[in-house]
Amino acid sequence: MTAGMIRKLHQFTVHQYDQMVAAGVFDENTRVELLDGEIIVMAAMGVRHATCLVNFDYLLKRQVPREYRVAGQIPILLDDMSEPEPDLVVYRPRRRTTPPIPADILLVVEIADSSLDYDRNQKFPRYAAAGIPEAWLLDLTAGILERHSAPYAGRFRSVVTVRADESLDSTVLPGLSLPVDEILAEEW
């Protein structure tokens, strides 16, 4: 690109993105999501990430009340330009023609190793701006779990961090308390 040239990326709507997915534009093994109109290619999932995802999913499903659903890596519809795929979502089921929307979502979970900066600084502000009441971030490198809650003006006003020998309680799901050691366990 020469000096003076402006680089402009094409921004896609959720509708356009969904049409591309349906048409098979992306290889089924390629992990992608739409955030603010940009198609983001996600890193392949390593064994540690997968292990913690399975453990997190198992623990959530044992504690989340039956009137809610726990789903892994499904798209959620934040707005017309963003359809991310969190590692886990707790939401209210209903007959739907769209993925879960913020009004239905109680909690999103991201598990991060190489994606920590992207999850914390790109996805979490969008979750907060959409009004999702709680987002948890498992930092695999540090072995900590963060609870982000009280969304306001595109950010979470409250962040609580717990270590491997502690448990984290939900602010939106009474009785939900997950021990970090069990999430980080190496067996699945």
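Just after α3, G131 adopts a positive phi of about 85°. Helices (H or I, at least four residues) and strands (E, at least two) are DSSP runs, numbered from the N terminus. Before we walk on, a word on the source: this is a predicted model, where local features need pLDDT of at least 70, side-chain atom pairs count only at pLDDT 80 or more, and totals for chains, interfaces and linings use all residues. Residues are numbered from 1 along each chain as its sequence is written, and side-chain values use heavy atoms, with hydrogens and water left out.

Let us turn to the strands. Eight of the eight residues of β5 (residues 105–112) are buried, so this strand is largely enclosed by the rest of the structure; buried means under 20% relative accessible area with a 1.4 Å probe, protein chains only. Strands pair if DSSP finds at least two bridges between them.

| Strand paired with β5 | Sense | Bridges |
|---|---|---|
| β4 (residues 88–91) | antiparallel | four bridges |
| β6 (residues 134–139) | parallel | five bridges |

In β5, I105 is the bridge partner of Y91, while V108 stands opposite A135 in β6. From β5 the chain crosses through helix α3 (residues 116–130) to β6, a right-handed β-α-β crossover: with the strands pointing away from the viewer, the path from the first strand over the helix to the second runs clockwise.

Now for the helix itself. The buried residues of α3 are L116, Y118, D119, K123, F124, Y127 and A128. A kink of about 35° lies at K123, shortly before the proline P125; this bend is the angle between axes fitted to the seven residues ending there and the seven starting there.

Key:
Buried < 20%, exposed > 50% of the residue type's maximum accessible area, 1.4 Å probe, protein only.
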